[in-house]
Amino acid sequence: MKKFETVSKYYIRIFKKKVFRFPVGGFSSCPNRDPKTKEGGCIYCDIKGSGSDNLNYNLSVKEQIEANLKKNKSYILYFQPYTSTYCDEDFLTKTIEESLKYEQFLGVSIGTRADAISPKLWDYFENLNKKTYFELELGLQSAKEETLKFIKRGHTLKEFNEAVKKTKALGIFLIVHIIIGLPGEELVDFLNTIDYLNDLNINGIKIHPLHIMKSAEISKIYEIKNKLKGGEVFKKENLPELKILTLEDYKKIVYEILLKLREETVLYRITSERSTEDFLGPLWLLQKQKILNEIKEYLKSKEILII
C-alpha cells in the first residue's frame with residue numbers, strides 16, 4: 001500500500017506536537033494584476049486573491065494576529081493571498097521579524113509566484129531559513145505551457161524552473177500548488193504536471209479542483225451565471241472546453257495523481273472550499289470535511305493511504 005503524509009502529521013513529526021497554519025494577508029498585490037506589467041490577474045482568481053474567506057483585509061497583519069492567536073496553540077505564520085512577496089520588501093521582512101516574536105509562531109510559510117522574488121528577498125529567505133522553520137509555496141497550477149498562457153498566469157515554466165532551482169539550492173522546503181480542471185486539460189495533462197514536479201523533487205504539494213468564482217474572469221468569458229453542481233460543460237468558440245468536475249471525477253483523478261506522485265511528497269491539500277456568495281461551484285466543495293473523508297476512503301480502497 002502506498003502511503004502519504006498530511007501536513008498535520010508532518011508538522012507533528014517535525015515539531016513533536018500539533019501545529020496549525022495561521023493565514024494572514026491584505027498588504028500585497030500580484031504582478032499579474034498590475035496594469036503596468038501583466039494581464040489583470042489569472043482568469044480563475046477572485047476578488048480576494050484566492051485567500052481564505054475568513055481573512056479580514058481591513059486589519060493589519062498585527063491586528064489579524066492579535067484577533068485570532070490562541071495562547072495554548074502553536075502555529076506556522078502563513079502569508080497566503082495574492083502574491084505575498086509583491087509588496088514593500090522592507091515591510092514584509094519587518095512584519096515577519098516582528099511576528100516571530102510571538103512564541104506561538106514556530107516558523108513561516110510564504111505563498112508567492114516564481115516571477116515575484118527579488119534578489120534582496122532571496123538573500124533574506126536564505127537567512128530566515130537558517131534561523132527558523134521556513135516554507136516557500138510557489139503557485140504553478142499546470143505544467144502545460146498552453147494552459148499557462150490561456151489562464152494568463154504571467155510566467156513560463158522556464159521562470160518556474162529557475163525559482164525552484166534557487167529554492168532547492170538554498171535548502172528551503174518547497175511546496176507547489178496545482179489546480180485540477182482548468183479549461184482544456186484532461187487526465188494526461190494532470191499526470192504530466194505530476195511527472196514534471198516529481199522530476200523537480202518538490203517537498204510538498206497542494207492539489208485542489210478548480211473553483212468558479214463570480215468575480216473571476218473565467219465566469220465572464222464562459223458566461224457562467226448560475227450555481228454549478230458538477231458535470232456541466234461549457235463550450236465557446238475559440239476557447240478550450242471547460243468541464244466542471246463532479247466529485248466522482250475528482251476522486252478518480254486524485255487517485256491517478258497519487259499513484260504517480262513521489263511518496264515522500266507531503267500532502268498540504270487534496271481539496272478545498274469557499275463559503276462566500278462569490279462562489280458558484282462546484283457546490284460539492286462546500287462540504288469540505290465530508291468530501292475529504294470520501295476521497296480518503298476511496299483512495300484507501302485503491303491501496304493508497306493518507307495518514
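Predicted model: local features only at pLDDT ≥ 70, side-chain atom pairs only at ≥ 80, totals over all residues.
Residues are numbered from 1 along each chain as its sequence is written, and side-chain values use heavy atoms, with hydrogens and water left out.

The protein has 10 helices and 13 strands; these are DSSP runs, H or I of at least four residues for helices and E of at least two for strands, numbered from the N terminus. Along its principal axes the C-alpha trace spans about 50 × 50 × 35 Å. With 307 residues, a compact globule would have a radius of gyration near 19 Å, and the protein agrees with this at 19 Å; the radius is taken over C-alpha atoms, and the globule rule is 2.2 Å times the number of residues to the power 0.38. Of the 307 residues, 54% count as buried, a term that means under 20% relative accessible area, as against over 50% for exposed and in between for partly exposed (1.4 Å probe, protein chains only). Among contacts with a separation of 6 or more, 79% come from residues 24 or more positions apart, a contact being heavy atoms within 4.5 Å.

Helix 7 covers residues 187-200, has 14 residues, and reaches 20 Å from its first C-alpha to its last, close to the 20 Å expected at 1.5 Å a residue; the expected span is 1.5 Å times one less than the number of residues. The buried residues of helix 7 are Asp189, Phe190, Leu191, Thr193, Ile194, Tyr196, Leu197, Asn198 and Leu200, and they pack against strand 5 (133-141), helix 6 (157-169), strand 6 (173-180), strand 7 (204-209) and helix 9 (247-260).

From helix 6, Val164 counts as buried because its relative accessibility is 2%. Leaving out residues up to four places away in sequence, Val164 touches Leu138, Leu174 and Leu200, and Leu200 is also one of the buried residues of helix 7. Val164 and Val176 are 12 residues apart in sequence and 9.5 Å apart in space, C-alpha to C-alpha.

At 36% relative accessibility, Asn201 counts as partly exposed. Lys152, in the loop between helix 5 (145-150) and helix 6, is likewise not a glycine and has a positive phi of about 60°; with 22% relative accessibility, Lys152 counts as partly exposed.

Two further loops complete the tour. Thr6 sits in the loop between strand 1 (2-4) and helix 1 (7-15) and is buried, with a relative accessible area of 16%. Apart from its neighbours within four places in sequence, Thr6 is in contact with Val266, Leu267, Ile306 and Ile307. Pro282 lies in the loop between strand 12 (279-281) and helix 10 (288-301), and the peptide bond that joins Gly281 and Pro282 is cis, with omega about 5°.
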